[in-house]
Amino acid sequence: MPGTCAYFFISIEFFKLHKEFKNAQSKNSNMRPYILAESNWKTIKEQKFDLAVLPWAATEAHNYHLPYATDIIEADYIAAEAGRIAWEQGARVIVLPTIPFGVNTGQPDITLDINLNPSTQLSILQDITEVLNRQQIHKLLVLNSHGGNDFKPMLRELGLRYPQMLLATCNWFNSVDKKQFFEEQGDHADEMETSLLLYMRPDLVLPLEEAGDGKELKSKIKGIREGWAWSERKWSMVTEDTGIGNPKRATQEKGQKFFHAVTEKMAELFVEMSNVDISSRYGS
Ligand SMILES: [Zn+2]
């Protein structure tokens, strides 16, 4: 019967493809199938992905004791671990390589803080969205790792151009309540970031005696101090050591706990975005 024949043919083809996929994976035992930079065409051409995650960082000074790549390292580790958790729960997610440069318009006089203007970021995002849209990967999450980046206005604009896409962004550093993990609050090279780097790359962290205290001078304008008015901080007028927040109480253990809390939360977002039906994504 023609029906049976077709079924048989499909089954054999499926079996062959499945076997090829397994082989390609096993020969590369260290390859993580949810990390694009580690994947090869042999596996990618057989795999369907629902969600692309684009980590976006910055290259900038982080007090005296943390590396310029701090935001990049955080983005890489958090995206990879959340990707692993989500993948193991069946989410077909692919983590794209981290974009290493971000908006540093407030630090023009800090040596080698590399600035990408927001308009440049929009161009990059537009090109990446175009590729995903063309290839039927209709969900994109921009995983932001740097306070100066603001993708919301860009995603509004791209959403009009690509109505089939589900475009989202998140700041990993706002995903859990930092007060439950750290004694001193801050927002740049602070106790939180120093603890994370002590956990992820202790080999790149100078002894904490060499760190500045991350003291921040506040605005003389009340509305800005209260947070409901905004003006970009001129970094070198606000902090001497480039840090904001005292890093001295940072520990590896605090970093580890925080990392696990953040990546669990992030993985949940990956899974939910992967599973949601774009055409009916609202409900009670
Ligand atoms: Zn940072």
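**Close-up views of a predicted model**

View 1. Four strands, taken in the order 2-1-3-4, form an open sheet with parallel pairing, where strands are DSSP runs of E with at least two residues and helices are DSSP runs of H or I with at least four, both numbered from the N terminus, and two strands pair if DSSP finds at least two bridges between them. Because strand 2 (93-95) and strand 4 (166-171) stand at the edges with a single partner strand each, one side of each is left without a neighbour in the sheet. Neighbouring strands are turned against each other by 20° on average, direction ignored. This is a predicted model, in which local features need pLDDT of at least 70 and side-chain atom pairs count only at pLDDT 80 or more, whereas totals for chains, interfaces and linings use all residues. Residues are numbered from 1 along each chain as its sequence is written.

**View 2. Strand 1 beside strand 3.** Six bridges join strand 1 (residues 51-56) and strand 3 (residues 139-144), which pair in the parallel sense. Within this pairing, Leu 51 stands opposite Lys 139 of strand 3.

**View 3. Helix 9 over the sheet.** Helix 9 (residues 252-275) lies across strand 1, strand 2, strand 3 and strand 4, and runs at about 140° to strand 1; axes are lines fitted to C-alpha atoms, for helices over the stretch in contact (C-beta atoms, placed from the backbone, within 7 Å), and angles run from 0 to 180 degrees between N-to-C directions.

**View 4. The setting of the close-ups.** The protein chain has nine helices and four strands, which follow one another along the sequence as α-α-β-α-β-α-β-α-β-α-α-α-α.

Technical notes
Contact = placed C-beta atoms within 7 Å.
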